[in-house]
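Reader: I would like to go through this model term by term. For each label, please set the value against the cut-off.

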Amino acid sequence: MVSETTATAEDTESQPTELPETALETARHQLNQAASIIDVDPNVVERLNYPAAVHEVTIPLERDDGTVEMYQGFRAQHDSVRGPYKGGLRYHPEVSREECIGLSMWMTWKCAVMDIPFGGAKGGIVVDPKDLSDAETERLTRRFANEIRNIIGPMTDIPAPDMGTGAQTMAWIMDAYSVQEAETTPGVVTGKPPVIGGSKGREEAPGRSVAIISREVLEYYDYPLEDATVAVQGFGSVGANAARLLDDWGATVVAVSDVNGAAYDPGGLDTRAIPSHDEEPEAVTTYADETIGNEAVFELDVDLLVPAAVGNVITEDNVADIQADLVVEGANGPTTFTADSILDERGVHVIPDILANAGGVTVSYFEWLQDINRRAWSRERVNEELETEMLAAWDAVRQEVETHDVSWRDGAYIVALSRIAEAHESRGLWP
Ligand code: NAD
């Protein structure tokens, strides 16, 4: 329901510093850090510190008992210099205006790192979807789609699933939008069921890209994949797909976790025998001979740690416990800015989310291409093209890391910022 107090950017900025940074604070820190390394027009950086627009709507929902409740919804559109806005819709009680802005900024960088012709957006509804029946979720979604209909579209802003939403949510939005436009418009959202224009391989794509980037970084730092040990926090869509692919390719996955704790086997887990969040929610520990606590996953002496659960999990408080040599970010924003600096000083290489999990938005782009062309691709083609795009992005970031002698996060931001700044300089500011 609509809460009476909505936090503003000013509220957030006045929080004590020991609290984990908000997504917006982290996103701004990262932008300005990258801008300090390369020669980029400060006027462009000033523009990129702010979203182009943040739309806020209140959505009336008729509950199953006939009462009406109002919910708050947002869509933050950060930058569209390289193409239509693109980003997820989240249904979560902690969705807020500034979280949407911060996440929309990450989407801008992520699309630019991947050289995808999209800009960044993010949105959502302040709701716990577990409190709603399926029929209520459908009514809320369709009404939300109607409230934001004027600001989304296949050539303007293309939502996708995020926390608390999925393929069915996207199907309802596509239907609501198409009915109002009197034209079936699959390209208005991505992450749809394949039967109405979704792409094969979309669901596995973020985990697949995490696995591809993990493989590359292990090779870069001379850890043979078949000798590498890996711990994964979160065994959902991203974590399970990444862990299973790395397992298939010969790595030893010693721990995978969910909210209840971790399955642990120093000799290597059979990751396909453990159900993912989608297959059986929060059941990781019930399938393990040996379990350890959730936080203990961060303390394992492994070659590679993959945080793939939620944001802000590697913080000032636990960064000293991290034993891994390499961290590949599967979740969005798992490492706070302060923790990231400490890891960097310690020589732990962190491969950022905007590169590692960008397989999701990359296959969303493939889905949009398929929708516009009304032609479906095979799973093999999707996976082959994803591999090509990930390797191209990895190469672009690697070159910046080597040229400027910077962290992988700064390297990725330099790639993104250079491309966005060049596009802004080329288009100019009007009026
Ligand atoms: P999911 O809901 O499928 O799985 C999340 C997993 O994390 C579950 O196993 C859950 O038990 C576990 N988890 C939650 N809180 C935890 C905690 N405190 N400690 C340990 N485990 C915890 O989610 P997902 O789609 O895999 O997304 C995970 C992260 O990846 C999120 O940050 C999301 O924004 C990001 N991401 C997702 C996609 C996508 O398309 N699915 C794409 C890019 C990034």
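Reader: Which helix holds Arg398 and Asp395, and how many residues apart are they?

Author: Both lie in helix H13 (residues 379–404), 3 residues apart, about one turn of the helix. Helices here are DSSP runs of H or I with at least four residues, strands are runs of E with at least two, and both are numbered from the N terminus. Before going on: this is a predicted model, in which local features need pLDDT of at least 70 and side-chain atom pairs count only at pLDDT 80 or more, while totals for chains, interfaces and linings use all residues. Residues are numbered from 1 along each chain as its sequence is written, and side-chain values use heavy atoms, with hydrogens and water left out.

Reader: What makes the contact of Arg398 and Asp395 a salt bridge?

Author: The term requires a side-chain nitrogen of Lys or Arg within 4 Å of a carboxyl oxygen of Asp or Glu. The N to O distance between the side chains of Arg398 and Asp395 is 2.9 Å, so the pair qualifies under the 4 Å limit. The structure holds 26 salt bridges.

Reader: Which parts does the salt bridge of Asp175 and Arg142 tie together?

Author: The side chains of Asp175 and Arg142 meet at 2.8 Å, N to O. Asp175 belongs to helix H6 (residues 167–181) and Arg142 to helix H5 (residues 134–147), so the bridge ties together parts that are 33 residues apart in sequence.

Reader: Why is Asp175 called partly exposed?

Author: Buried means under 20% relative accessible area, exposed means over 50%, and partly exposed is in between, with a 1.4 Å probe and protein chains only. Asp175 has 33% relative accessibility, so it counts as partly exposed. Arg142, at 27%, therefore gets that label too.

Reader: Are Arg409 and Asp353 buried or exposed?

Author: Both are buried. Their side chains meet in a salt bridge with an N to O distance of 4.0 Å. Arg409 is in helix H14 (residues 408–427) and Asp353 in helix H11 (residues 353–356), so the pair ties together parts that are 56 residues apart in sequence.

Reader: How do you know that strand S2 is largely enclosed?

Author: Strand S2 (residues 68–79) has 12 residues, of which 10 are buried, so the rest of the structure largely encloses it.

Reader: What makes S1 and S2 a pair of strands?

Author: Two strands pair if DSSP finds at least two bridges between them. Strand S1 (residues 53–62) and S2 are joined by 10 bridges and run antiparallel, so they pass the test of at least two. Glu62 stands opposite Val68 in S2. The hairpin of S1 and S2 has 5 residues between the strands, and Gly66 there takes a positive phi near 95°. S2 is also joined to strand S4 (residues 119–126), antiparallel, by 6 bridges, with Ile125 in S4 as the bridge partner of Gly73.

Reader: Why is the sheet running from S9 to S12 called open?

Author: Its 7 strands follow the order S9-S8-S7-S6-S10-S11-S12, with mixed pairing. Strand S9 (291–292) and strand S12 (349–351) stand at the edges with a single partner strand each, so one side of each has no neighbour in the sheet. Strand S11 (residues 326–328) pairs with S12 in the parallel sense over 3 bridges.
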